[in-house]
Amino acid sequence: MSTALYTAKDFIIVSLPENARPSQNPETDVSTWLETGLINGRSYVAEFPIPDFKIGSLDSLVLQSEELAKIDSQIYSSLQKIVEILHALTDTQVSSITINKQSIPEYLTHFQWDSRKFKLDKSMKELIHDLSIESFQLDADVRATYSNYNNAKSNLAAAERKKTGDLSVRSLHDIVKAEDFILDSEYLTTVLVAVPKNLKHDFEKSYESLAEKVVPGSASILKQDDEFILYNVHLFKKYQQDFQNACRERKYIPRDFAYSEEFINKLKQEHDTAASEEQSLRVQLIRLVKTAFQDVFVNWLHIKALRVYVESVLRYGLPPFFLIKIIAVPPKQLSACKTELIEQFSYLAGNAFSKDKRGKINRNDSSLHEYASLVDTEYEPFVLYPIQLPQ
């Protein structure tokens, strides 16, 4: 059903020997049963063509099977991280991303091995290496760019705080002017003080006596907010430290600010620079994340194809005659779908282990003895790999 294709969040790749038949419908070929019998024909079934690869010894296939399982998991984690970053930056849904001009479900169900990029004259080992190295490099690029973006975002937040805090902490570069200061004097200087509003009268009455040589009547109000009043006070440089210490004792807050045109211009540019850098890295990161998702997803599916091929050879032997399908599973039907598949093809596991009626290995089989803990209870009687789309 085409409806299942576009609503599916879960897919299943299944590989069966070409001569397999559903046990309860042995007169029906596998393709027909998958399309019409599996969960009453409500799934969408398509071919999943995999080319023949250059394989080595049985021992090498066993090692590659283990390596592919590990890489598969790592690449899926990378995809989840990429999606997490994408959601943090945009409202883009994964379902809206296209791969090779196809929706993700369409790409899955029309999969073709990219032999131009991953050439079939290479060994299995080389293909695994190329796919994993490219995927991990993309993951590293995304994470590095995301880290740079977060640093830029923090710098912008710090610059914003300097503009939006109260007068006791905010930057003063957009408040003060040159005429508020005594400049280029050998003896006199100007001190800025943020005074809590409830201490206004106390400050104005006492500031001249907080230190020696304070210029009488020199305090002027430069700015007010909800909590503080910013004053400038002129005095002799020699007594600046005494004045500031006395302010602190009375809960007035001296603001360290040495006026210079160069410093003022630098502070004015700081916010604009931080905002520009944050926006630039944001655009760069969004573009990178979308591209990386597409490339890593393609690589992930190629790794899946290699896993299916290797596991099929290990299960069914050579020459590689097996039927491979991909199934789009309707929402909330994954468990039912797997159960039906196992019921119909459990006989393919043979008699190596005792199994329950669904074909699952029975861990309580007394004949296993001390080996029971080593048996993979998720072992299926045939090759089956679920694919959960990153959300």
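Reply: Let us begin with one residue in this predicted model. F48 touches I13, L108, F111, L301, A305, I324, K325 and I326, leaving aside residues up to four places away in sequence.

Me: What makes each of these a contact of F48?

Reply: Contact means heavy atoms within 4.5 Å, and I13, L108, F111, L301, A305, I324, K325 and I326 are the residues that F48 touches in this sense. F48 is also among the residues with the most contacts inside the largest nonpolar core, which has 63 residues, and F11, L108, W113, F293, F297 and L306 are listed with F48 there.

Me: Which helices and strands supply at least two residues of this core?

Reply: They are β1 (10-17), α3 (58-89), α4 (104-109), α5 (124-164), α8 (261-316), β9 (322-329) and β10 (383-388). Of these, α8 gives the most, with 18 residues. Apart from this core lies another, of 18 residues, including L38, V45, I327 and F345.

Me: Why are α5 and α8 called roughly antiparallel?

Reply: The angle at which α5 and α8 pack is about 160 degrees, and their axes are 8 Å apart. Angles over 145 degrees count as roughly antiparallel, and α5 and α8 are therefore described as roughly antiparallel to each other.

Me: Why does S65 count as buried?

Reply: S65, which has its place in helix α3, has a relative accessibility of 18%. Buried means under 20%, so S65 counts as buried. Leaving aside residues up to four places away in sequence, S65 touches V310, E311 and L314.

Me: Why does N100 count as exposed?

Reply: N100 lies in the loop between β3 (98-99) and β4 (102-103), and its relative accessibility is 57%. Exposed means over 50%, so N100 counts as exposed. Phi of N100 is near 55 degrees, which is a positive value in a residue other than glycine.

Me: What makes D184 exposed?

Reply: D184 is found in the loop between α5 and β5 (188-196), and at 84% relative accessibility D184 has a value to set against the cut-off of over 50%. D184 therefore counts as exposed. Phi of D184 is positive as well, at about 60 degrees, although D184 is not a glycine.

Me: Where is the cis peptide bond, and what is its omega?

Reply: The cis peptide bond joins L318 and P319, and omega is about -5 degrees. P319 has its place in the loop between α8 and β9.

Key. Residues are numbered from 1 along each chain as its sequence is written. This is a predicted model: local features need pLDDT of at least 70, side-chain atom pairs count only at pLDDT 80 or more; totals for chains, interfaces and linings use all residues. Side-chain values use heavy atoms; hydrogens and water are left out. A nonpolar core is a set of buried Ala, Val, Leu, Ile, Met, Phe, Trp, Tyr and Cys residues joined through side-chain atoms within 4.5 Å. Buried means under 20% relative accessible area, exposed over 50%, partly exposed in between (1.4 Å probe, protein chains only). Helices (H or I, at least four residues) and strands (E, at least two) are DSSP runs, numbered from the N terminus. Axes are lines fitted to C-alpha atoms, for helices over the stretch in contact, and angles run from 0 to 180 degrees between N-to-C directions. Angles under 35 degrees count as roughly parallel, over 145 as roughly antiparallel, 65 to 115 as roughly perpendicular and the rest as oblique.
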